[in-house]
Amino acid sequence: MITVVVFGDQLHRSIGALGDAHPSTHRVLMVESRGKIASRPWHVQRAHFIVVSMRRFAHELRAEGFDVDYRHADSMRKGIESHRNDYAPSALVATEPNSYNARTLLTRLNVTTVRSNQFLCHPEDFAVFASTKKSFKMEDFYRWQRRRLGYLMQSDEPAGGAWNFDADNRLPPPKTGHDRWATPKVDALDDLDRDVVASLPSSCWGEAPTGLWATSRSGALARLRHFVDHVLPEFGPHEDAMLTDNWHLAHSLLSPYLNNGLLLPHEVCDAVQEAYDRGLVPINSAEGFIRQIIGWREFVWNTYWREMPDYRNRNALDATRPLPPMFTSGNTSMRCMSTALDGVYQRAWVHHIPRLMVLGNFALLTGIQPLAFTQWMWNSFVDAAEWVMLPNVVGMSLYADGGVIATKPYAAGGAYIDRMSDHCKGCAYDRKKRTGDDACPFTTLYWDFLARHADRFARNPRIVTQVRAAQKLTDLDDVRTTAAGVLKGVDTGHT
Ligand code: FAD
Ligand code: SF4
């Protein structure tokens with residue numbers, strides 16, 4: 001018998017090596033690594049999601065007739081080695097894993113790998129795209145993907161007459177009607193959910209699972225249907241808005257399933273294309289969503305493979321601050337930060353703007369060490385994986401890659417957060433003030449950041465205007481003094 005090794009983020013019957021497998025000729029090995037679960041303080045919903053999804057997938061494969069060796073081992077390596085000793089398979093095969101370390105491990109253990117079809121642009125295909133360009137942007141890649149995959153195309157032209165409808169999106173939050181977006185689906189928990197939660201180490205933290213995150217293929221498919229039928233028509237316009245009384249807005253909440261294989265990207269895009277073809281969703285919603293999947297997600301995936309293995313250690317801005325206590329305690333008077341941290345605590349998820357413009361922006365402005373912040377994000381989010389975290393956190397959020405993925409740092413003061421959220425009203429700080437005891441930490445640190453990195457960004461056309469404005473501030477000395485006080489408060493948990 002041939003053994004197919006299936007990793008916990010490859011849970012789909014048609015992915016790579018498993019796609020060609022048959023119960024009469026193939027056995028399946030899945031390893032639940034005790035070492036990995038105990039290695040970090042995971043959010044309980046993340047740990048539960050990963051373990052229960054794996055166990056349900058193993059159950060489905062058994063129901064199909066496969067002999068599944070579901071092993072509890074100290075590590076993936078030990079799991080594979082002990083399986084080899086116990087079963088002596090004629091061959092061990094796996095689909096190319098999604099992490100650099102896992103690929104290295106399989107090479108060391110002489111496990112044959114099969115090309116992965118889990119993403120829509122394999123790194124070999126990306127190399128073809130990249131070879132035609134001196135430098136490239138996500139938008140170029142996205143158009144190349146649209147043409148080759150055929151989504152939202154009419155012959156060689158984009159449907160709706162434009163490639164990008166972003167101008168119709170990015171609206172500030174609406175003043176009223178905060179219940180306009182469909183409520184996310186929630187399933188009842190069963191005995192397996194409860195058993196797994198009870199077995200997790202005490203280092204896990206956060207609100208216990210509620211049934212929000214599906215842990216099976218059928219649950220993920222039901223979430224996709226719910227999204228396309230009820231949420232997608234609203235996707236886009238308020239994509240960047242943040243509301244205290246509505247955490248999901250029109251976000252799809254599909255990233256966990258795309259990342260662990262319960263859904264494949266083409267299944268999601270096909271469903272969106274079909275709804276668009278039937279006239280059920282406007283072009284700005286369909287295009288905005290397809291761009292996230294075939295554009296951003298695949299661009300990030302390929303950036304990871306182009307930049308590894310040293311991407312983890314990039315620190316272009318020489319940021320050295322340890323993770324401040326508020327990230328683990330949740331205690332802060334900054335209303336935007338406490339709302340985002342509470343969202344993470346409640347459901348191991350906040351949407352991309354709290355990730356980028358609140359949590360990430362805070363880490364950028366305060367100079368948190370990139371690896372420390374990445375690890376906190378990785379521990380905390382239900383959809384986290386190294387390939388998606390590094391480009392988004394080290395690159396996009398912290399500019400620690402020196403501009404590989406973003407052409408400028410995503411630094412912003414309180415004015416941006418005030419425009420895109422309802423957090424500033426009722427906050428202990430005044431978002432318009434950059435000096436004084438009640439100055440908004442974001443506003444103070446924003447100007448301080450620009451002045452601190454003026455030399456570095458003086459030649460960056462996308463940010464030079466703000467840098468010059470910071471240098472010309474008449475109260476720059478006061479700003480610097482206030483910033484020093486804010487940073488002291490951040491370090492001691494008094495902000
Ligand atoms: P939607 O807003 O509905 O978007 C649809 C889909 O597009 C997502 O499900 C996701 O698969 C994809 N997508 C959109 N933007 C990105 C992106 N920049 N990178 C990769 N995929 C994207 N996404 C993760 O899947 N895992 C992470 O660990 C993660 N960490 C992030 C950290 C930071 C600092 C930032 C700025 C972004 C991060 N993202 C991550 C990207 C994005 O925030 C999430 O994919 C999104 O919020 C997931 O919610 P959703 O499924 O409702 O997304
Ligand atoms: Fe955040 Fe500043 Fe607004 Fe308070 S005033 S919510 S700290 S941006």
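## A walk through the cavities and the ligand site

The largest cavity has a volume of about 120 Å³, so let's start there with the predicted model open. To find the spot, select Pro184, Lys185, His226, Ser252 and Leu253, which lie nearest the centre of this cavity among its 15 lining residues.

Now colour helix α9, residues 217–231. This helix gives four residues to the lining of the largest cavity, the largest share. Colour the lining by class as well, and you get nine nonpolar, four polar and two charged residues.

**Next stop: the second largest cavity**

How much space lies in the second largest cavity? About 110 Å³. Select Cys336, Cys424, Cys427, Cys440 and Phe442 to get there; of the 14 residues that line this cavity, these are the closest to its centre. Then show α14 (335–347), α18 (414–420) and α19 (441–452), the elements that give two or more residues to the lining. By class, the lining of the second largest cavity divides into nine nonpolar, two polar and three charged residues.

**On to ligand 1**

Select ligand 1 and the residues around it: there are 27, and His251, Ser252, Leu253, Asn259 and Met389 come nearest.

Zoom in on the oxygen atoms of the ligand. Which polar backbone atoms can you find beside them? One belongs to Leu254, 3.1 Å from an oxygen atom of ligand 1. Another belongs to Ser255, at 3.0 Å from a ligand oxygen.

On its own, ligand 1 has 810 Å² of accessible area, and the protein covers 97% of that.

Which elements give two or more residues to the shell around ligand 1? Select α10 (255–260), α12 (283–307), α15 (352–366) and α17 (386–397). The largest share, six residues, comes from α12. Colour the shell by class and you will see 15 nonpolar, nine polar and three charged residues.

Last, zoom out and colour by domain. Domain 2 (123–307) and domain 3 (313–492) each give at least three residues to the shell around ligand 1.

Notes:
Residues numbered from 1 in each chain as written. Chains lettered and ligands numbered in written order. Predicted model: local features only at pLDDT ≥ 70, side-chain atom pairs only at ≥ 80, totals over all residues. Heavy atoms only, no water. Near = heavy atom within 4 Å. Polar contact = N/O pair within 3.5 Å; in protein donor to acceptor, adjacent residues only side chain to side chain. Areas by Shrake-Rupley, 256 points an atom, 1.4 Å probe, with all protein chains shown as cover. Nonpolar A, V, L, I, M, F, W, Y, C, P; charged D, E, K, R; others polar. Domains from an automatic or database assignment. 1 Å grid on protein atoms, 1.4 Å probe; cavity = no way out; pocket = protein on both sides within 12 Å on 5 of 7 lines; lining within 4 Å. Points joined across faces, edges and corners; volume = space filled by probe spheres on them.
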